[in-house]
Amino acid sequence: MKILFSASEMTPFAKTGGLADVAAALPKYLARLGHEVTVVLPRYYSIDRGELEFAFGNLGVPMGPLGTLWAGVYRKALAENLTVYFIDYEAFFGRKNLYTDDDGFSYPDNDRRFIFFSRAALELARALDFRPDIVHANDWHTAPQPIWLNTLLRDDPFFRKSRSVYTIHNLQHQGIFDRSALAYLQLGQEHFNPRELEAMGALNLMKGAIYHADKLSTVSPTYAREIQTPEFGFGLQEHIRAHAYKLRGILNGVDYDEWNPATDPYLAAHYDRGNMEGKAQCKADLQERMGLEKRSDLPLIGFVGRFAQQKGIELIAAAMHEMLHLPAQWVFLGSGEKWAEGFFGDLAGRFGQVGSYIGYSEALSHRIEGGADLFLMPSLFEPCGLNQIYSLRYGTLPIVRAVGGLDDTVENYDPQQGTGDGFKFWEPSKEALYHTVRWAVETWQKDPGAIERMRDRAMSRRFSWERSAREYEALYRAALEVMR
Ligand code: ADP
């Protein structure tokens, strides 16, 4: 199949979250399965042009009232059948960040920026004469693509055989704009109705894509069910339920070349199943780096993630006072909401058993996976989540709320049966969080044998991209069967 895959971020070029990792891994594994994959990404000015090859300089992108805008195109070949193209347009992408200014406010022209990018990717396919069987769009940024393929471009001979697949990586961000943005989409008012593009008087790009796409997916089976309910649906639950017949949940894989305690270059020592001595060295190294006492008699609990409500940081903050009484040490790595940066930064200053690093650090995220004993991820919702999967591989037992991908990947410890590889709680309350952390800490203190067996089970689990890519392949085949 010829696959046109568009995303607003991709590792290692531009990343704010898990979407970037999916956009790097899935195309790679689809290409390995023999498909011809073209990935399209904005050329944010944080991406060094020197690393790319100039392709051509006159890609015309029709933008309604703005007329035709002319973009430059760069490329980077990653494999014989896998090339990444970068859309260069300074007025939209010549900025410091991807989506927001330094204060976290969305750029006011995000509608134009990403409607432009979505259209540019389709026009690029035309310019390259790359007739996609599948147009795979991701999250709100590229939601216009499935909308157009079923409206504006429905009778376009170039896309006649193309079918669209739309993946929701996070339902919280839907691409909600003033209805005037319809003009950039070049769609008539007849599409501005509550079945298609309208929600509460505004234009909702994700809603439109859910309606128009041939197939839908999200990044875990549990999240696919959850987003049909009020707790997780962000207002779109009814709409998603109406389109659930074409929705599938496909769990992300992880890149075990990068996340492997036996080879990880960031770790002070290497270890693996059956040869765990290195983990103690990693722990000592992490303690030293974070200014913690080198205690081997206390469990070290790690946290890595965006400081966003989604990640349960408010629960952690609310339970922290109690949790600090537990015989444990803590390491926090993250950035995001200002209050949380202050809160977790301060904790390290006030309490000797806490270390924190406010910011983004690839190296430290690996060292926490390697050096911690337990990994905390109490998300309010979690489409898939990656860190808990890394944690399993590193034998760093995850403490998670049983939602979305966390529920699908972590098996709760059952002392009677002697099964499980993590500690789960359900209720989104500080009490539930506290008691689960306490359960984990007490198990660690009192039953090292059980912890050792849990570690061994955790480290034997695998969530491979090859398996996920095959599921996407099956979804693409199903999309191709959709009749027009
Ligand atoms: P989300 O996409 O919601 O942010 P995921 O768990 O799917 O959550 O992916 C987050 C990715 O970003 C992981 O690879 C995680 O290690 C990484 N990450 C998040 N915050 C940081 C940070 N402060 N430093 C280093 N890596 C981080």
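**Entry 1: a charged pair**

I began with Arg43 and Asp88, which form a salt bridge whose closest N and O atoms are 3.6 Å apart; the term stands for a side-chain nitrogen of Lys or Arg within 4 Å of a carboxyl oxygen of Asp or Glu. This pair links distant parts of the chain, since Arg43 sits in the loop between β2 (36–42) and β3 (53–62) while Asp88 belongs to strand β5 (residues 82–88), 45 residues apart. I noted that helices (H or I, at least four residues) and strands (E, at least two) are DSSP runs, numbered from the N terminus. When I searched the whole structure, I found 31 salt bridges. As a reminder to myself, side chains of opposite charge can pair when their charged atoms come close.

Before going on, I wrote down that this is a predicted model, in which local features need pLDDT of at least 70 and side-chain atom pairs count only at pLDDT 80 or more, whereas totals for chains, interfaces and linings use all residues. Residues are numbered from 1 along each chain as its sequence is written, and side-chain values use heavy atoms, with hydrogens and water left out.

**Entry 2: two domains and their interface**

I then looked up the domains, whose bounds come from an automatic or database domain assignment: domain 1 covers 2–253 + 465–480, and domain 2 covers 277–460. Their C-alpha centres lie 33 Å apart. In contact (heavy atoms within 4.5 Å) are 20 residues of domain 1 and 19 residues of domain 2.

How much area is buried between domain 1 and domain 2? I noted about 1,300 Å², with carbon and sulfur atoms giving 56% of it; buried area is the accessible area (1.4 Å probe) that two parts lose on being put together, summed over both. Of the area that domain 1 buries against domain 2, Thr222, Phe232 and Leu251 supply 25%, more than any other three residues.

Across this interface the rule finds one salt bridge. Glu231 forms a salt bridge with Arg401, and their closest N and O atoms are 3.3 Å apart. On the side of domain 1 that touches domain 2, the elements giving two or more residues are α1 (18–32) and α7 (221–226), and α7 provides the largest share, four residues.

**Entry 3: strands**

Next I followed β14 (residues 329–336) and β15 (residues 354–358), which run parallel and are joined by five bridges; two strands pair if DSSP finds at least two bridges between them. Leu333 stands opposite Tyr357 in β15. Together with helix α11 (residues 338–350), β14 and β15 make a right-handed β-α-β unit, where right-handed means that, with the strands pointing away from the viewer, the path from the first strand over the helix to the second runs clockwise.

I also found an open sheet of three strands in the order β8-β10-β9, with antiparallel pairing. Why is one side of β8 and of β9 left without a neighbour in the sheet? Because β8 (176–177) and β9 (198–199) stand at the edges, each with a single partner strand. Two bridges join β9 to β10 (residues 202–204), and the bridge partner of Ala199 in β10 is Ala202.

**Entry 4: backbone details**

Finally, I checked the peptide bond from Thr11 to Pro12, which is cis, with omega near 0°; Pro12 is found in the loop between β1 (2–6) and α1. Asp139 has a positive phi of about 55° although it is not a glycine, and I located Asp139 in the loop between β6 (134–138) and α4 (144–149).
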